[in-house]
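Please have the structure open while you read.

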Amino acid sequence: MSGPPDQVVDVLLCPICRQGLTRTVGSLRCATGHAFDIARQGYVNLLGAATGDTAAMVADRAAFLAGGHYAPLADLVAEWAAGCADGLVVDAGAGTGYHLGVVLDRRGSCGLALDASVVALRRAARAHELMGAVVWDVWRPWPVRDNAAAVVLNVFAPRNGAEFHRVLRPDGTLIVVTPTDEHLAELAGPLTVDPRKAERLAETLTRFELVNSQTLRYPMLLHEDDTRRVVGMGPAAHHDRPAEQGAGTVTASFLVSAYRPS
Ligand SMILES: C[S@@+](CC[C@H](N)C(=O)[O-])C[C@H]1O[C@@H](n2cnc3c(N)ncnc32)[C@H](O)[C@@H]1O
Ligand SMILES: [Zn+2]
């Protein structure tokens with residue numbers, strides 16, 4: 001595996017000394033000599049001990065996404081991303097790279113999938129030829145140059161507003177997807193309700209100006225397996241309601257927001 005595309009390697013920084021990284025046979029290296037293996041599956045682990053989603057959660061997520069249930073969301077995000085400035089897309093908490101892959105297809109630009117889960121990034125590294133996958137904890141300063149990205153994506157994943165701002169070009173766009181309170185409500189009932197969710201989103205993105213926002217809501221007809229998977233891949237709150245799991249119609253409901261750096 002050759003690892004991330006050149007346009008992705010060009011923006012990466014050594015996590016130890018923050019110098020640029022270059023590709024050598026089987027690894028990425030900085031001028032000081034810190035070296036990071038390119039894994040057989042094509043991802044690069046700059047973090048060391050990885051955390052993030054477990055193998056079971058990732059398997060559930062990959063199988064659920066393969067069913068196309070979130071395709072309307074991926075299409076909407078890709079449509080928005082297609083209208084943004086040319087250049088690199090960085091997806092913070094990219095998981096298996098499902099949404100980023102659809103975005104890269106539409107834009108024809110390169111993308112960097114950052115995630116703390118090695119199992120997720122094994123898939124992301126193979127999800128699209130324009131995608132590079134780097135294991136990283138998005139709460140720490142990212143191993144990515146300032147102003148590297150034309151688009152930062154954040155789909156149901158932790159939001160580090162300061163790093164979004166630093167890596168995004170002044171003409172760039174941040175696209176954030178969060179589930180609304182109605183999302184999967186039939187499965188989780190009142191457990192998902194967080195009355196401060198919108199407020200918390202605004203608090204994490206203080207140096208951004210909201211330029212567009214849309215709620216996407218549609219019914220998903222789920223077989224029993226998909227219901228089990230969507231519960232398995234989600235927050236722990238969903239796991240407490242096994243009695244309500246089964247085949248049926250379940251609401252998908254997302255808030256998609258676009259921001260410019262201010
Ligand atoms: C709900 S999944 C969403 C994945 C992907 N965006 C998607 O829509 O398919 C959340 C992802 O965030 C990752 N994650 C959680 N905490 C993280 C952290 N501190 N740094 C990087 N990734 C993290 C998890 O490993 C998981 O892949
Ligand atoms: Zn270094």
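The model is predicted. A zinc ion (ligand 2) is held by C14, C17, C30 and H34. Helix α2 packs against α5 and also comes within 8 Å of α9. Helices α3 and α4 form another crossing pair.

**Zinc site**
- The donors to the zinc ion (ligand 2) are SG of C14, SG of C17, SG of C30 and ND1 of H34.
- Their distances run from 2.1 to 2.4 Å.
- The four donor atoms subtend angles of 100 to 118 degrees at the zinc ion (ligand 2), so the arrangement is tetrahedral.
- For reference, the ideal angle for four tetrahedral donors is 109.5 degrees.
- The donor residues follow the spacing C-x2-C-x12-C-x3-H in sequence.
- C14 sits in the loop between α1 (6-9) and β1 (22-24), and H34 in the loop between β2 (27-29) and β3 (35-37); the pair therefore ties together parts that are 20 residues apart in sequence.

**Helices α3 and α4**
- Helix α3 spans residues 71-82 and helix α4 residues 98-107.
- Their axes come within 8 Å and cross at roughly 45 degrees, which means that α3 and α4 are oblique to each other.
- The crossing of α3 past α4 is right-handed.
- On the α3 side, the contact uses A71, L73, A74, D75, V77, A78, E79, A81 and A82.
- On the α4 side, Y98, H99, V102, V103, R106 and R107 take part.
- By class, this contact of α3 with α4 has 10 nonpolar, one polar and four charged residues.

**Helices α2 and α5**
- Helix α2 (residues 55-66) packs on helix α5 (residues 118-127) at an angle of about 35 degrees.
- The axes of α2 and α5 are 8 Å apart.
- A55, V58, A59 and A62 of α2 meet V119, A120 and R123 of α5.
- Six residues of the contact of α2 with α5 are nonpolar, none is polar and one is charged.

**Helices α2 and α9**
- The axes of α2 and helix α9 (residues 224-232) come within 8 Å and cross at roughly 130 degrees.
- The pair α2 and α9 is therefore oblique.
- Here α2 passes α9 in a left-handed crossing.
- Contact residues are M57, D60, A63 and F64 of α2, with D226, R228, R229, V230 and G232 of α9.
- The contact of α2 with α9 divides into four nonpolar, one polar and four charged residues.

Conventions
Residues numbered from 1 in each chain as written. Chains lettered and ligands numbered in written order. Predicted model: local features only at pLDDT ≥ 70, side-chain atom pairs only at ≥ 80, totals over all residues. Heavy atoms only, no water. Axes fitted to C-alpha atoms, helices over the stretch in contact; angles between N-to-C directions. Helix = DSSP H or I, 4+ residues; strand = E, 2+ residues; numbered from the N terminus. Parallel < 35°, antiparallel > 145°, perpendicular 65-115°, else oblique. Left-handed = near helix turned anticlockwise from the far one by under 90°. Contact = heavy atoms within 4.5 Å. Nonpolar A, V, L, I, M, F, W, Y, C, P; charged D, E, K, R; others polar. Donors = N, O, S within 2.8 Å, 3.2 Å for Na, K, Ca; no water. Tetrahedral: all angles 85-135°; square planar, octahedral: opposite > 155°, others 65-115°.
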